[in-house]
Amino acid sequence: EIGGKPFSPLSGERMGRNVRHRLFQHFKNREKKIRTRVEGEDNKDSTDTFDGHIVEGTWVGPVQVDADDVEYMMCEVWRNRCAVSGARLGNVLELTRWDLSKPSTCSNLVLMSMKEIQKFDETGQAGIDADVRKNIEMRLASCKIDKWA
């Protein structure tokens, strides 16, 4: 503990531009699929041209992060590990929103393996062990935007 806050040193791993771009594109495509599922195929607005709103309990709108945020989430927040299983090498990792009723900000994005995402899509947070949920929520709370910054 340093300065009253938990301290956990980082490994210093960096992510290549192509990997970061691919992960960001996958996340944007996932968000488009969620919007299409919620609003239907006939939505005419581009996801980049409106502010976002809640439809049937799901927030739909433009992605609220950029490629640099994706790198921050991958490397510094989740340390290139699945938030649920801790899996790292040999797994396809993707970002997903933890709470679909909230926008896709850094304080609502979780890194999971594709296997865990499929399970998460079916069961939601209830399908994840309570201790793991608590750890995920603690890590997400550390990403909250500082109102004084």
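The legends below describe close-up views of a predicted model.

Local features are reported at pLDDT of at least 70 and side-chain atom pairs at pLDDT 80 or more, while totals for chains, interfaces and linings use all residues. Residues are numbered from 1 along each chain as its sequence is written, and side-chain values use heavy atoms, without hydrogens and water.

**View 1. The aromatic pair of Trp98 and Phe120.**
A pair of aromatic rings is described by the distance of the centres and the angle of the planes. Rings of Phe, Tyr and Trp (its six-membered ring) pair if their centres lie within 6.5 Å; planes under 30 degrees apart are stacked, over 60 edge-to-face, and the rest tilted. One such pair is found in a search of the whole structure. The ring centres of Trp98 and Phe120 are 5.6 Å apart and the planes meet at 10 degrees, so the pair counts as stacked. Trp98 lies in the loop between strand 3 (93-97) and strand 4 (109-113), and Phe120 in helix 3 (residues 114-123), so the pair ties together parts that are 22 residues apart in sequence. Helices (H or I, at least four residues) and strands (E, at least two) are DSSP runs, numbered from the N terminus. Trp98 is buried at a relative accessible area of 6%, and Phe120 is buried at 9%. Buried means under 20% relative accessible area, exposed over 50%, and partly exposed in between (1.4 Å probe, protein chains only).

**View 2. Helix 1, residues 17-39.**
The 23 residues of helix 1 reach 33 Å from the first C-alpha to the last, close to the 33 Å expected at 1.5 Å a residue. The expected span is 1.5 Å times one less than the number of residues. Among the buried residues of helix 1 are Leu23, Phe24, Phe27 and Ile34, and also the charged Arg20 and Glu31. The buried residues of helix 1 pack against elements including helix 2 (67-77), strand 3 and helix 3. Just after helix 1, Gly40 has a positive phi of about 95 degrees.

**View 3. Arg79 and Asn80 in the loop between helix 2 and strand 3.**
Phi is positive in both of these non-glycine residues: near 55 degrees in Arg79 and near 60 degrees in Asn80. Arg79 is partly exposed, with a relative accessible area of 24%, whereas Asn80 is buried, at 14%.

**View 4. Glu116 in helix 3.**
Leaving out residues up to four places away in sequence, Glu116 touches Cys82, Val84 and Ser85, where contact means heavy atoms within 4.5 Å.
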